[in-house]
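Please look at the sequence and the model first; the description follows.

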Amino acid sequence: MQITTSPAAGLPTPETLRSVGRRHQHVALGLTVLMLAAFFLFILSIAYFKEALSIQIMPGLSLAILVGVASVAFALVLTFAYVAWVNRVHDVAVHRLAKGGR
Amino acid sequence: MESTFAGGRANAVSIAFFIAFLVSTLAITWWASRRTRTAEQFFAAGRSIGAFQNGIALAGDFVAAAGFLGISGLVSLVGFDGLIYAIGGVMGWPVMLFLFGEPLRNLGKYSFGDVLAYRLASPRIRIITGITTLGITICYLVMQMVGAGDLIHLLFGMNYDVAIWIIGGFMLVYVIFGGMLATTWVQIIKAVLMSFAAVAMTVMALSYFGFNPVNLLASAGAQHGAAVLSPGRLISNPLDAVSVALALALGVASLPHVLMRFFTVPDGRAARRSLVYATTIISVFLMLTFILGFAAMQLVGGTAIRAMDKGGNMAIPLLAEKLGGVSFLGFVSAVSFATILAVVSGLLITGATAVAHDLYGTVLRKGRSTQRETLLVARISTVALALVAIVLGLVLKGQNVAFLVGLATAVAAAANFPAIFLAIYWKRYTAAGAVCGMLTGLAASLLFIYFSPTIQVDVLKHATAPLTMRNPALVCVPLSFLVSVVVSLMTQHQNDHQRYEEIEERILLGVREA
């Protein structure tokens, strides 16, 4: 898999529909990798650290349950972070470019 | 309390609730039928579904009876282990949002086959997307039918065969007359009712524990030992666990009946927003089923739950009766029935779309079929698929069909996911690469499952199986990616890059500018 990155990164090049699209791709792929990494970490920790996860922080609240709830919370955090970015940055740029022709 | 469970036979309240549900959904179908005259209206509800409504419907598709009754039931019997794979299902939703939400809506018309056909400029790719869609949909339908027959027998004491015919008949009516519009609203009504039931039960259950879930967990830990609060024997083979996780995270994002809902909203933005609603609802719902599972463990008890059904499916109905008496049990039972109806209807219309739009309209008639013709074929295939589902449901009574879900998710992850992903994100992807990659994913998953303990030991009752792993995703997903990439690189065409630039623009701007 190969994704071409725009040259001259760092310079204030004018935004094009293409560069905005590329940036969206990078964000989408990055967040997906984060999500999958967190999930595999969760599964592997269950497979390899059973004893540690059975420690109870307070009666009833085991580390396993905390980690499980944290995984779901992390999924939600990523979801809302993405939405916040898309609304504030991506959509604004696409809208501007679409109006200005290109 | 265990011996006087009012479920297992019809009670007046459950029948009243259920009839009310059927009457209102039939009214909706009648209303929808007057708005279902074109192919766009039949397959995509005329793009009239709002983002929030679609979010509820998506969540409803996902949280089927297996989610509501199955997961809580499993938690009530084994504790924490019941949750592990449920969390995996949730993880698929953000992935779908990040990768597919907007691009798919902006590139496609009614199905993900449109996306591949447009991106690769190859109408014939739909033969394969049509086959995987039909395969996945029929697996799911059959699994739902068989599960539903058993469940309804347990809940209402109704004869298995009668239950199958009722479900088959109603799903047929919803889809054939009301198309996607009726199917979506049936799903929304059911999802709202189910959420109400789950929230009400959670509040009532937590009232026994000072409205603090930790007290509930502590009481479970004190009574059954700390083991119920921590991982147990579910994950014994880490490779298999990672494979299941991969299948869930990628497969859920590529299930055709879920993807089809992207096309019912007005634009890519709405598709994205509906995924955010769906992810939120599903996450909250998962937390509720978790609490309800432990509540059933404490308030009903594993012995009573197992006595009704070994798999734990009756934990929620038993808990409902304990918390709210016979009338609440009636409500929950009716909602469970409604859930099955709503989910099978969504599956049925997805299968009909694959036949009428992808296979007939675009491949066989090469896009020359008229609206009337497409709609007629859609309705005929709806009847045919419904009959297949009913007959298989009746034939497979009492059979172990649990492997069908794993198979369907694995095929979605290994055949559909690489194809959709590469179509959107890789500019060198070619039609030949897509065909070979998808066929490899499909064939490899089928072969793998056949030689795994899932079929060899569980179904065929052999002592051992050639493979030790049960889930194919860890092998088949990378294999499908590899074949797609290698074949694509071997079959480059001059204008592929240009084509991709056009696609990139349409992903961002939608159809009008393309």
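Chain B has a mean pLDDT of 90, and 98% of its residues reach 70 or more; pLDDT is the predictor's confidence in each residue, from 0 to 100. The structure is a predicted model, in which local features need pLDDT of at least 70 and side-chain atom pairs count only at pLDDT 80 or more, while totals for chains, interfaces and linings use all residues. Residues are numbered from 1 along each chain as its sequence is written, and chains are lettered from A and ligands numbered from 1 in the order in which they are written. Within chain B, confidence is lowest in helix α21 (residues 496-509), with a mean of 82, and highest in helix α20 (residues 473-490), at 96. The model as a whole scores ipTM 0.90 and pTM 0.91.

**Chain A and its side towards chain B**

Chain A contains three helices and two strands, and from the N terminus on these elements run α-α-β-β-α. Helices (H or I, at least four residues) and strands (E, at least two) are DSSP runs, numbered from the N terminus. Of the 102 residues in chain A, 26% are buried. A residue is buried if 20 or more other C-beta atoms lie within 10 Å of its own, exposed if 12 or fewer, and partly exposed in between, with C-beta atoms placed from the backbone. Among contacts in chain A between residues at least 6 apart in sequence, those joining residues at least 24 apart account for 54%. Two residues are in contact if their C-beta atoms, placed from the backbone, lie within 7 Å.

Between the chains, 42 residues of chain A are in contact with 41 residues of chain B. The elements of chain A that give two or more residues to this side are α1 (17-48), α2 (50-53), β1 (56-58), β2 (61-62) and α3 (63-99). The most comes from α1(A), which gives 18 residues. By class, the side of chain A that touches chain B has 30 nonpolar, ten polar and two charged residues. Here Ala, Val, Leu, Ile, Met, Phe, Trp, Tyr, Cys and Pro count as nonpolar, Asp, Glu, Lys and Arg as charged, and the others, Gly among them, as polar.

**A helix pair in chain B**

In chain B, the axes of α1(B) and helix α15 (residues 315-364) come within 7 Å and cross at roughly 35°. Axes are lines fitted to C-alpha atoms, for helices over the stretch in contact, and angles run from 0 to 180 degrees between N-to-C directions. Residues that make the contact include B:Phe17, B:Phe18 and B:Phe21 of α1(B) and B:Phe331 and B:Phe337 of α15(B). The contact has nine nonpolar, four polar and no charged residues.

Helix α1 (residues 12-33) of chain B also holds B:Ala16. B:Ala16 counts as partly exposed because it has 14 C-beta neighbours inside 10 Å.

Most residues other than glycine have a negative phi.

| Residue | Phi | Loop in chain B |
|---|---|---|
| B:Phe211 | about 55° | between α9 (160-206) and α10 (213-224) |

B:Ala121 is partly exposed because 14 other C-beta atoms lie within 10 Å. B:Phe211, with 12 C-beta neighbours inside 10 Å, therefore counts as exposed.
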